[in-house]
Amino acid sequence: MGTAERREAPGESVVRRSQARWDRKAPDQGIPESERAGEPAGEEQRQGYRPLWVEEPARRHPTPDPVRAAVVRAVLVIAVTLIQAMVAFLCTLAGSWLAFPMVISSVASTVVATWAVVDVWVTRQVWSQRYGVVSEPSSTARALRRERRARRRERAALREQERIRRTGGAGQLSHP
């Protein structure tokens, strides 16, 4: 199943998609339904069918595409590095002239492999910061903000009362 098919049916379970694929039968080209040899029709076929496995939804979400690409790059670089190290070791045991260049290239590959692993970590962190976290204030943060707002209103009201007392009520249009 491709990415486009997954996007079309976001709420549909894996088991239902699997069952839907089983329900769709490939048309036998040029052979009418009644002439198929040895195939039970409809419900008879279903009763005898027992799947080899049942697809279950994944417990964790799959890794995002940029992170997956970085992991694949890192695995390839690490594999090449290990092959180079093995060849360098075998060339050293054999006393070949190729041993020294292979050791030098293995050291360089180790640096690149380390960079590739750090790239996976950084890519994962960046993706998590951009897309992974839905920011919602916690209830305690909301309560603290509510308290601060109330205190601010009280202080503003006290300042206003103090200002009115200092001016002696001047500036008021009417007196009760």
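What is the relative accessible area of Arg 68?

Tutor: The structure before us is a predicted model, in which local features need pLDDT of at least 70 and side-chain atom pairs count only at pLDDT 80 or more, whereas totals for chains, interfaces and linings use all residues. Residues are numbered from 1 along each chain as its sequence is written, and side-chain values use heavy atoms, with hydrogens and water left out.

Arg 68 has a relative accessible area of 37%, so it is classed as partly exposed. That class lies between buried (under 20% relative accessible area) and exposed (over 50%), with a 1.4 Å probe and protein chains only.

The side chain of Arg 68 has a partner: it forms a salt bridge with Asp 65, and the closest N and O atoms of the pair are 2.6 Å apart. A salt bridge here is a side-chain nitrogen of Lys or Arg within 4 Å of a carboxyl oxygen of Asp or Glu. In general terms, side chains of opposite charge can pair when their charged atoms come close. Asp 65 itself is exposed, because its relative accessibility is 54%.

Both members of the pair belong to helix α4, where 3 residues, or about one turn of the helix, lie between the positions of Arg 68 and Asp 65. Helix α4 covers residues 65-94; helices (H or I, at least four residues) and strands (E, at least two) are DSSP runs numbered from the N terminus. Phe 89 is also placed in this helix. With a relative accessible area of 48%, Phe 89 is partly exposed.

The loop between α3 (43-48) and α4 contains Pro 64. Pro 64 counts as buried, because its relative accessibility is 18%.

Arg 163 is partly exposed at 39% relative accessibility, and Glu 160 is partly exposed with a relative accessible area of 36%.

The other example joins the side chains of Arg 165 and Glu 162, with an N to O distance of 3.3 Å. This pair too is found in helix α6, where a spacing of 3 residues places Arg 165 and Glu 162 about one helical turn apart. Arg 165 counts as exposed, because its relative accessibility is 59%. Glu 162, by contrast, has a relative accessible area of 38% and is partly exposed.

Finally, the whole chain supplies the background to these local views. The protein chain has 6 helices and 0 strands, and from the N terminus on its elements follow the order α-α-α-α-α-α. Among its 176 residues, 12% count as buried. Within that setting, Arg 68 is a partly exposed residue whose salt-bridge partner is Asp 65.
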